[in-house]
Amino acid sequence: MRGHFGIGVYHPKNDLNYGTLFRMAQVLEADYLFLIGPRFRRQASDTGKAWRHLPVFVYDTFEDFYAHLPYDTQI
């Protein structure tokens with residue numbers, strides 16, 4: 001298998017969505033999570049405690065995220 005798969009959100013409206021995001025990342029077997037915007041807090045909805053198993057990258061702006069993409073990454 002080649003490449004990598006990450007899942008993330010851009011400025012979510014509700015920080016309660018983070019738990020769902022972590023759970024879905026585990027279900028979809030993502031290699032990492034990324035968050036663009038405010039920092040997250042651990043959520044009760046993250047029942048599998050995915051933050052212990054998946055790397056999480058946090059960026060302040062979309063430009064910051066884009067500048068740190070690995071070489072030849074497709075969005």
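Phe57 is partly exposed in this predicted model, with a relative accessible area of 40%, where buried means under 20% relative accessible area, exposed over 50% and partly exposed in between, as found with a 1.4 Å probe and protein chains only. Because the model is predicted, local features need pLDDT of at least 70 and side-chain atom pairs count only at pLDDT 80 or more, while totals for chains, interfaces and linings use all residues. Residues are numbered from 1 along each chain as its sequence is written, and side-chain values use heavy atoms, with hydrogens and water left out.

Phe57 forms an aromatic pair with Tyr32 that is edge-to-face, at 5.7 Å centre to centre and with 75 degrees between the planes; rings of Phe, Tyr and Trp (its six-membered ring) pair if their centres lie within 6.5 Å, and planes under 30 degrees apart count as stacked, over 60 as edge-to-face and the rest as tilted. The pair links distant parts of the chain, since Tyr32 lies in strand 2 and Phe57 in strand 3, 25 residues apart. Tyr32 counts as buried, at 18% relative accessibility.

A search of the whole structure finds six aromatic pairs, and ring pairs link Tyr10, Phe34, Tyr59, Phe62, Phe65 and Tyr66 into a cluster.

The strands belong to an open sheet of three strands, which has the order 1-2-3 and parallel pairing; strands (E, at least two residues) and helices (H or I, at least four) are DSSP runs numbered from the N terminus, and two strands pair if DSSP finds at least two bridges between them. Strand 1 (6-10) and strand 3 (56-59) are the edge strands, each of which pairs on one side only. Strand 2 (residues 32-36) pairs with strand 3 in the parallel sense over four bridges, and Val56 in strand 3 is the bridge partner of Leu33.
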